[in-house]
Amino acid sequence: MKPGGRDRQQRRGRRGKANRPNTARRLRWWEVPAGLVVIGGWAYLLFGPSLAVGNRAQISFPRLEIRTDPSGSQFVQTDAAALRAAFEHAGLPDPPDLDGADPVPVAILLRFAREWGDTRNVAALGQLGQIYQALEEHEAALACFAAAAQLDTSDVRWRYGLGIECQAMALTDLAIDALDQARRMDPDYPTTYARLGALYLDRKDFERAEAQYNEYRTRLPNRSLGYVGLGRVALARGDEVRAQELLSTAVRVMPNDFLAHRLLGRALAALGRHELARREQDLAERLPQYSGWLSFDPRLQESNALANTQGYLTNQMRAAAAGEDWATFVHLAELLLRRRPQDFSTLGNLAEAYRKLGRLDEAEALADRAIELKPDGAALYCVRAVIAFQQRDFSAVHEALEVAEALDPQLARIYDLRGRALFLQQRPAEAITAMQRAVALDTSAGNPRLVLAEMFRQTGDTAEALRLLSDLLELDPHNAKARQLLDAIRVGSAGPDG
């Protein structure tokens, strides 16, 4: 189960193409020379002669209408003309189309717009940019950051925000200029170097890209982003050996980085190591797919936290799961469910978290509710099965897995759970057959191989157990449990519990 945000995508799906804003007129700002964009162009748009920076204006913003869609999720409906008039009165550019958006970040957005109109506080303008940024309204965010950066040249957040919005809009030269200024203002912020590395890589300036990624790696050696960036540079240069070295380090320091595994697969394929390449690609597809820079950039996370977006909640859920902080995961998932109560994926993830906390009755109820919403979800039946497994209700385990198998017979998790259940039921031959099926369907998965090796050890086939463990250690040389079991078999002592 992979949590994922919906703030912008959900809104666009609801309102449809016909209701999307016409941005052609407002996008013509980027034809202005670069200096004017930052220094003059946007400042004039935001602060014309009748709205000097020191003036204040009491702004009347229209009341938001909050509606509920058939799934129970809330969204806003605005009086677009009244909203545009209020923003114009506040000296702000036209707001984007907010119809269909989550009411939570929209209410926060209007609070900062009102504060700017009432007080001309530059921090409110910058924070308005942050809310737009979190909602992926890049043009509006860029306008606010550009003006805030000019009005308050000491706050690096606005210059940095301007840079990453230019990067999001593929305005590479402007992005490099703004981010390089942010780097000089705050040379100890690591992510600036990674962003500059990506921009230079886009320009095929490999020497500068490598230098920037190395700066990031020096500051954060235990994060994968620097190694992934350097690996991308090596791939672009055609140096697959160096790329493999760097990307192998990336997956070692952050095993759940799907992009690191995907790029490592590319490097291995280029080197002719096709079996290992396929394993890496398969693993990449199974891992949580993080969204762009949000997982790596604390300042972007700050914007999403300020806006309290659904994307922020799901990103924090992912971080909590990686740290096995299930109490925090539960809190975040419950908050998310209040905003999209029929999200079967979040229900399934929450059921898993309840199970890990030993709250089995609640986990069972949530899994059943998720299945009602998504009766063709094979993965949800596996969630139901693993809850029953923990309850030692093997009849319910097999019943859920039979349904899951009928829905998706290629899902390795089905046979993994079936094998474990059968082994505990003292049916070792059937258990081994099921676990072998799990390994065959998911050759890159380490845990089923480890469990299968333990099954062979307990049934006396140590030769097959040793073969499996050797294969697993070739795939994952740092697997401590596999190394421990291998050593235990070799000395004839008891191995770890699989």
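Q: Which backbone nitrogen does a side-chain oxygen of Asp 297 reach at the start of α15?
A: This is a predicted model, where local features need pLDDT of at least 70, side-chain atom pairs count only at pLDDT 80 or more, and totals for chains, interfaces and linings use all residues. Residues are numbered from 1 along each chain as its sequence is written, and side-chain values use heavy atoms, leaving out hydrogens and water. Helices are DSSP runs (H or I, at least four residues), numbered from the N terminus, as are strands (E, at least two). At the start of α15, the Asp 297 oxygen comes to within 3.0 Å of the backbone nitrogen of Arg 299.

Q: Within what arc do the buried residues of α15 fall, seen down its axis?
A: Helix α15 spans residues 298-307, and its buried residues (under 20% relative accessible area, 1.4 Å probe, protein chains only) are Arg 299, Leu 300, Ser 303, Asn 304 and Ala 307. They line one face of the helix, because the arc, taken from the directions from the helix axis to the C-beta atoms, is 145 degrees.

Q: Which helix gives the most to the lining of the largest cavity?
A: A cavity here is a set of points on a 1 Å grid over the protein atoms alone where a 1.4 Å probe fits but cannot get out, and lining residues have an atom within 4 Å of a point. The lining includes Arg 299 and Ser 303, and α5, α7 and α15 each give two or more residues to it. With 5 residues, the top contributor is α7.

Key: Buried < 20%, exposed > 50% of the residue type's maximum accessible area, 1.4 Å probe, protein only. Polar contact = N/O pair within 3.5 Å; in protein donor to acceptor, adjacent residues only side chain to side chain. 1 Å grid on protein atoms, 1.4 Å probe; cavity = no way out; pocket = protein on both sides within 12 Å on 5 of 7 lines; lining within 4 Å.
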